[in-house]
Each structure stands twice: as C-alpha cells, then as structure tokens.
Amino acid sequence: MVSRFPWPVPPLPTLSALADHLALTPTQLAWFANPDIAHYHCLTQPKPGGGLRLLAAPKPRLKALQRQLLSGILNHLPLHPAAHGFCPGRSVLTFVAPHVAQPTILRLDLADFFPSIAKPRVAALFRTAGYPEPVADSLAALCSHRGTLPQGAPTSPALANAIAYKLDCRLSGLAHALGLQYTRYADDLALSGPKIPTNLADHVAAILLEEGFTPNYRKTRRMQPSQRQHLTGLTLNQKPNLPRPAYDELKAILTNCLRHGPASQNRHAHPAFAQHLQGRILHLATVNPTRAARLQKLYDQVTFS
C-alpha cells in the first residue's frame with residue numbers, strides 16, 4: 001500500500017512505475033540501483049585545511065537519471081527558509097545578508113556534509129515523501145555511492161537540504177528565542193545578533209549531533225566588529241565584499257596562467273581547473289561586478305587544454 005503523499009511528488013506505487021517514470025525496464029532499473037556495479041568515476045582531491053576529499057562523479061547514463069529525479073521529485077521537496085545553498089532563487093548573498101554589520105557573528109561548519117548522510121537516511125526521506133519501502137530503497141540506491149551521498153552527484157545537494165530540514169527548524173527556533181539571525185549555506189552555518197551567549201556554540205553542536213551531523217570544531221569562529229567578519233569568503237563588517245587578498249590571489253593565478261600555462265598554477269591537480277577558476281570569478285561577480293569583469297578579461301585570454 002502507498003501512504004499519502006505529503007509533498008507534490010509523482011506517485012510511484014511500484015518498482016515498475018518507477019522504471020516507467022525513468023523510461024527504463026525493471027531489469028535496467030535494478031542494474032542502475034546495484035551498488036556492486038561501478039557507476040561512478042572516483043578521484044581524491046586535497047582539502048585546503050589538510051586531508052583528502054573523495055569526489056565521486058556519476059557516469060553519464062546514471063547522471064542523466066539523477067537529473068530526472070532532481071527535476072521530477074527532489075525539486076518538489078520542502079526547503080527551509082534558512083537554507084540558501086543550492087536552492088533556486090537563493091545564493092551566497094542571500095545567505096550572508098542577515099549577518100551584514102551585525103555586532104557578533106558565530107560561524108560553524110559541518111564535517112563531511114555529504115558523506116555523513118548515509119543511504120538509510122536517504123531511503124527514510126523518500127518514505128516520508130510517501131513512497132513504499134521498495135521504491136524508496138531503489139531511489140536511495142540511485143542517489144547513493146558506497147552507502148552515502150556522493151560529492152559529485154546532482155541529486156546530493158537537494159537531498160542534503162531536505163534531510164537537514166529538521167536541523168534548520170531547530171536552529172531557527174533557537175535563534176528566534178535568543179533574538180538572533182540564522183542561515184545555512186550547505187555545510188556553513190551562521191548565527192548573528194547583538195548578543196550571542198558564550199555557550200551557544202556548545203548548544204548548537206549538541207543539536208548537530210542529535211540530528212546526525214558532526215560539527216567541525218576547528219572551524220568554529222566567534223567574530224566581533226573589531227575583527228574581519230567573514231562568511232563563505234565574503235567580508236561583512238559594512239557590506240558584503242571579497243577581501244582584497246583573495247582578489248589579488250586570483251588575479252595572480254590568472255596572470256601566471258597566461259604567462260606560464262594553467263598547469264603551472266593547478267598545484268592541487270584540480271580535475272576541472274578551468275571551471276574552478278570560472279566559478280571563483282562568478283562568485284566575485286555577485287558582490288563586485290567591476291573586479292570580476294577585470295578578472296574575466298584575463299580568464300578569456302588563457303588557453304585551457
């Protein structure tokens with residue numbers, strides 16, 4: 001029996017219905033949902049703070065199916081107003097806007113955001129959406145890799161936001177009770193206001209653990225107006241802006257790419273170095289279009305292989 005569908009998602013009462021929805025045969029569906037088959041290209045990437053990050057990019061056929069699930073199902077799941085990462089109509093600017101020129105900002109970080117979400121939690125989300133257990137398990141298998149959310153799948157951000165919905169509710173409620181602002185951009189959390197209790201970080205960490213997430217204690221920061229207040233690379237003391245050193249660094253990288261070639265600057269062996277640089281320029285364009293236009297001119301002169 002299919003339970004009621006609390007969200008506007010397509011009813012898929014059986015595995016056959018799911019296969020039809022994805023234009024697959026039941027046999028093909030079982031093949032794509034089989035975790036023992038190598039459906040991903042995997043590589044490791046150094047983290048800026050040390051350690052390695054596993055990137056698992058789905059192969060083209062599975063990626064196309066995941067995009068179908070994203071548009072047909074996941075984009076209809078509820079989004080909390082405090083969530084701003086990977087949300088239509090929201091951005092880094094909407095994430096930082098409530099915290100600009102605030103007396104105190106508390107910044108926290110979630111450790112291994114996508115990998116910390118296990119496949120059973122994904123299946124439970126699909127069951128909550130109204131799908132019977134076999135369909136929910138198959139959907140979770142299509143969106144998982146090695147038992148967790150893969151870093152490179154198009155479905156992972158939407159699933160992570162939906163699974164973090166209760167977390168956002170609890171932290172928003174806590175912030176409201178204290179007269180604070182709360183927003184989240186993927187694994188970056190921020191609370192701000194005129195007076196932040198000294199033990200607030202401990203209370204937030206306890207809630208994170210209760211909700212199945214792990215706080216990255218090394219990245220917890222309490223920032224006063226006398227300091228450089230920054231979130232997601234933007235300074236917020238007076239208005240959102242990219243720090244001058246970050247702009248200078250990106251300009252130097254692009255200049256050296258032009259003089260010595262992109263390989264000389266790709267020190268961390270980034271698999272999509274050109275796209276990485278373009279993303280940083282687009283990020284700057286949201287807060288300072290003039291500076292971004294200067295960097296874009298440099299970028300357009302570089303020959304990326």
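Student: Which residue is the bridge partner of L106 in β6?
Tutor: The bridge partner of L106 in that strand is R222. This is a predicted model, in which local features need pLDDT of at least 70 and side-chain atom pairs count only at pLDDT 80 or more, whereas totals for chains, interfaces and linings use all residues. Residues are numbered from 1 along each chain as its sequence is written, and side-chain values use heavy atoms, with hydrogens and water left out.

Student: Why are β4 and β6 said to stand at the edges?
Tutor: The open sheet has 4 strands in the order β4-β5-β3-β6, with antiparallel pairing. β4 and β6 (221-223) each have a single partner strand, so one side of each is left without a neighbour in the sheet. From one strand to the next, the twist averages 15°.

Student: How do you know that R184 is buried?
Tutor: The relative accessible area of R184 is 0%, and the term buried applies under 20%, exposed over 50% and partly exposed in between (1.4 Å probe, protein chains only), so R184 counts as buried. R184 is placed in strand β4 (residues 181-185).

Student: What makes the approach of the R184 and D168 side chains a polar contact?
Tutor: A polar contact is a pair of N or O atoms within 3.5 Å, where within protein one must be able to donate a hydrogen and the other to accept it, and where residues adjacent in sequence count only if both atoms are side-chain atoms. The side chains of R184 and D168 are joined at 2.9 Å, so the distance falls within that limit.

Student: Which polar contact joins the side chain of T183 to another side chain, and is T183 buried or exposed?
Tutor: T183, also in strand β4, counts as buried at 3% relative accessibility. A polar contact of 2.7 Å joins its side chain to that of H99, while the T183 side chain also reaches the backbone oxygen of F95 at 2.9 Å.

Student: Why is the pair of W31 and F32 called edge-to-face?
Tutor: Rings of Phe, Tyr and Trp (its six-membered ring) pair if their centres lie within 6.5 Å, and planes under 30 degrees apart count as stacked, over 60 as edge-to-face and the rest as tilted. The rings of W31 and F32 have centres 5.0 Å apart and planes at 75°, so the pair is edge-to-face. W31 counts as partly exposed at 39% relative accessibility, whereas F32 counts as buried at 4%.

Student: Why is the pair of F95 and Y185 called tilted?
Tutor: The centres of F95 and Y185 are 5.8 Å apart, with 50° between the planes, so the angle belongs to neither the stacked nor the edge-to-face class. This pair links distant parts of the chain, with F95 in helix α4 (residues 92-96) and Y185 in strand β4, 90 residues apart. F95 counts as buried, at 0% relative accessibility, and F86, F95 and Y185 form one aromatic cluster.

Student: How do you know that the charged end of R121 sits over the ring of F213?
Tutor: The term requires NZ of Lys or CZ of Arg to be within 6 Å of the ring centre and within 35 degrees of the ring normal. The charged end of R121 is 4.9 Å from the centre of the F213 ring, and that of R291 sits over the ring of Y247, 5.1 Å from its centre.

Conventions:
Helices (H or I, at least four residues) and strands (E, at least two) are DSSP runs, numbered from the N terminus. Two strands pair if DSSP finds at least two bridges between them. Axes are lines fitted to C-alpha atoms, for helices over the stretch in contact, and angles run from 0 to 180 degrees between N-to-C directions.
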